[in-house]
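Hi,

Here is the structure I promised to pass on. Have a look at it first, and my notes follow below.

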Amino acid sequence: MKRIILLISILFIFLLFGCSTQTHQDTISRWLGIDVSTGSEVSTYDNHGGFHGDGTTLITLSFSDDKALRQIEESNEWKKFPLDDTVKALIYGVSDGTNFIGPYLTDNTGKTIIPEIENGYYFLIDKQENQDEIVSKNILNRYSLNFVLGIYDTDTDILYFCEFDT
């Protein structure tokens, strides 16, 4: 009888604490500092699972209201397009005429995972620096990259959330 009670207790604790109820919207809201709970998930790409969890995650959310956009516009952390050179290199790659840097946010075939966006806002967190810093100028000069990037396309009301770890 004691074994059954012990087994039931362990099972209950496992079920209570072992199952995560955190949604993609919860994770994105926490990282980007805005409430994205009204967003509808359009797509998810995740190839994390490499050595030490290396990989790329892209979660795309579509919005039918302007709640998230209003928060972005009122935030000091989100920057209005055009993209700075660091973010441009991370997403699409840049060339100085002799060297080409990036893109880093690609699928398994090397194709960039974020479409060309003309109007919007972006938010970059360098996970290797103080999380309160938005853009680290040195991010491209490291042996490893670990960052979170949010891109809000104001023409389509789509939010692209990316997490990249090497």
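How many aromatic pairs does a search of the whole structure find? The search turns up 5, where rings of Phe, Tyr and Trp (its six-membered ring) count as a pair if their centres lie within 6.5 Å; planes under 30 degrees apart are stacked, over 60 edge-to-face, and the rest tilted.

Before the details, some housekeeping. This is a predicted model, so local features need pLDDT of at least 70 and side-chain atom pairs count only at pLDDT 80 or more, while totals for chains, interfaces and linings use all residues. Residues are numbered from 1 along each chain as its sequence is written, and side-chain values use heavy atoms, with hydrogens and water left out.

Back to the rings. Phe-63 and Tyr-152 make a tilted pair, 5.9 Å centre to centre with 45° between the planes. Phe-63 sits in the loop between E2 and helix H3 (67-74) and Tyr-152 in strand E7, so this pair ties together parts 89 residues apart in sequence. (Helices, H or I with at least four residues, and strands, E with at least two, are DSSP runs numbered from the N terminus.) Phe-63 counts as buried at 5% relative accessibility, and Tyr-152 does too, at 0%; buried means under 20% relative accessible area, exposed over 50%, and partly exposed in between (1.4 Å probe, protein chains only).

Phe-81 and Tyr-122 form an edge-to-face pair, at 6.2 Å centre to centre and 70° between the planes. Phe-81 is in the loop between strand E3 (79-80) and helix H4 (85-91), and Tyr-122 is in strand E6 (residues 120-126), 41 residues apart. Phe-81 is buried at 14%, and Tyr-122 is buried at 5%. Ring pairs also link Tyr-104, Phe-147 and Phe-164 into a cluster.

What does E8 pair with? Strand E2 (residues 55-62) runs antiparallel to E8, joined by 8 bridges (strands pair if DSSP finds at least two bridges between them); Ile-59 has Phe-161 as its bridge partner. Strand E7 (residues 146-153) also pairs with E8 in the antiparallel sense, over 8 bridges, with Asn-146 partnered by Asp-165. E7 and E8 form a hairpin with 4 residues between them, and Asp-157 in the turn has a positive phi of about 55°.

Cheers
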